[in-house]
Amino acid sequence: MELQDLEQELARCSACPLRKDAIGPVGWYGNPQSPIVFVGEGPGGVEDDYGCPLIGPSGQLLDKALWATKMTRDRVLTTNIIKCRPKNNRTPDAAEASFCGKLWLSMELAIIKPKVVVALGSVALHYLGNNDMRITRDRGMWFKTEQGIDCIATYHPAYLLRLYGREQVAAKWDVFHDLEAARERAALLAPDYVFMSEEKPDLFKLFKKRVHDYL
Ligand code: URA
């Protein structure tokens with residue numbers, strides 16, 4: 001199966017109750033050939049509006065961190081565990097993450113076959129690793145996903161945005177080092193791949209605002 005076919009199936013998904021409160025499922029963005037995939041938690045309001053993962057404030061911070069580590073969003077692939085925005089931006093629980101992740105993310109990863117996955121924050125870490133892992137303790141450490149892919153976790157950009165002062169600076173450096181380690185490993189395993197374009201893509205030009213179809 002191709003990623004485009006999966007995208008069409010995802011657009012029709014109504015397998016769980018989260019779908020009815022969202023404008024629609026939000027899939028992935030980037031290059032399907034990418035040896036590195038970034039996995040966030042789930043769409044927020046801006047992502048639901050535009051149908052693009054990590055396009056809102058968290059995504060903009062991620063873009064800066066990627067640029068600093070010589071990657072651009074069009075050359076990597078970004079996606080989420082949960083495809084439909086939970087009402088009021090609530091954090092999805094482990095059962096919701098597991099249900100949606102098994103249905104969609106596992107298929108995406110099976111098609112893309114990345115060399116490296118980066119888990120952004122605890123929801124992604126718990127799904128890709130296990131529920132006993134802790135982002136503050138286990139970020140920056142390599143482990144294998146159930147599908148046998150090298151995975152490293154780092155702080156979610158929304159967490160960085162909630163911090164201030166020295167704590168924020170220290171956490172941003174941690175993320176910088178984690179992303180650098182991830183790119184280096186992916187580059188080692190896919191030596192000819194180009195991880196960066198000359199400019200960052202403007203996602204607001206590439207994605208149009210969606211309208212609610214009130215299922
Ligand atoms: N946070 C995420 O984890 N993913 C998004 O797409 C947006 C915010």
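Contact, as the word is used on this tour, means heavy atoms within 4.5 Å. The model is predicted, with local features requiring pLDDT of at least 70 and side-chain atom pairs counted only at pLDDT 80 or more, while totals for chains, interfaces and linings use all residues. Residues are numbered from 1 along each chain as its sequence is written, and side-chain values use heavy atoms, with hydrogens and water left out.

**First stop: D48**

Select D48, which is found in helix α2 (residues 45-50); helices (H or I, at least four residues) and strands (E, at least two) are DSSP runs numbered from the N terminus. D48 counts as buried because its relative accessibility is 4%, the term covering values under 20% relative accessible area, with exposed over 50% and partly exposed in between (1.4 Å probe, protein chains only). Leaving aside residues up to four places away in sequence, D48 touches A22, I23, G24, V26, P43, R85 and R210. Next, display the side chain of D48: one of its polar atoms lies 2.9 Å from the backbone nitrogen of I23. The backbone nitrogen of G24 lies 3.4 Å from a polar atom of the D48 side chain.

**Second stop: helix α3**

Move to residues 57-68, the 12 residues of helix α3. From first C-alpha to last, α3 reaches 17 Å, close to the 16 Å expected at 1.5 Å a residue; the expected span is 1.5 Å times one less than the number of residues. Colour S58, G59, L61, L62, D63, A65 and L66, the buried residues of α3. Their cover includes strands β2 (36-40), β3 (77-80) and β4 (116-120), together with helices α7 (157-162) and α8 (165-189). Just after α3, select K70, which takes a positive phi of about 65°.

**Third stop: the cavities**

A cavity is a set of points on a 1 Å grid over the protein atoms alone where a 1.4 Å probe fits but cannot get out, and lining residues have an atom within 4 Å of a point. The structure holds two cavities of 30 Å³ or more.

For the largest, with a volume of about 80 Å³, select C13, A15, C16, L18, R19, I82, K83, C84, F99, C100, L103 and W104. This lining divides into 10 nonpolar, no polar and two charged residues.

The second largest cavity has a volume of about 30 Å³. Select D63, L66, W67, M71, T72, R73, K200 and P201 to show its lining. D63 and L66 are also among the buried residues of α3.

Technical notes
Polar contact = N/O pair within 3.5 Å; in protein donor to acceptor, adjacent residues only side chain to side chain. 1 Å grid on protein atoms, 1.4 Å probe; cavity = no way out; pocket = protein on both sides within 12 Å on 5 of 7 lines; lining within 4 Å. Points joined across faces, edges and corners; volume = space filled by probe spheres on them. Nonpolar A, V, L, I, M, F, W, Y, C, P; charged D, E, K, R; others polar.
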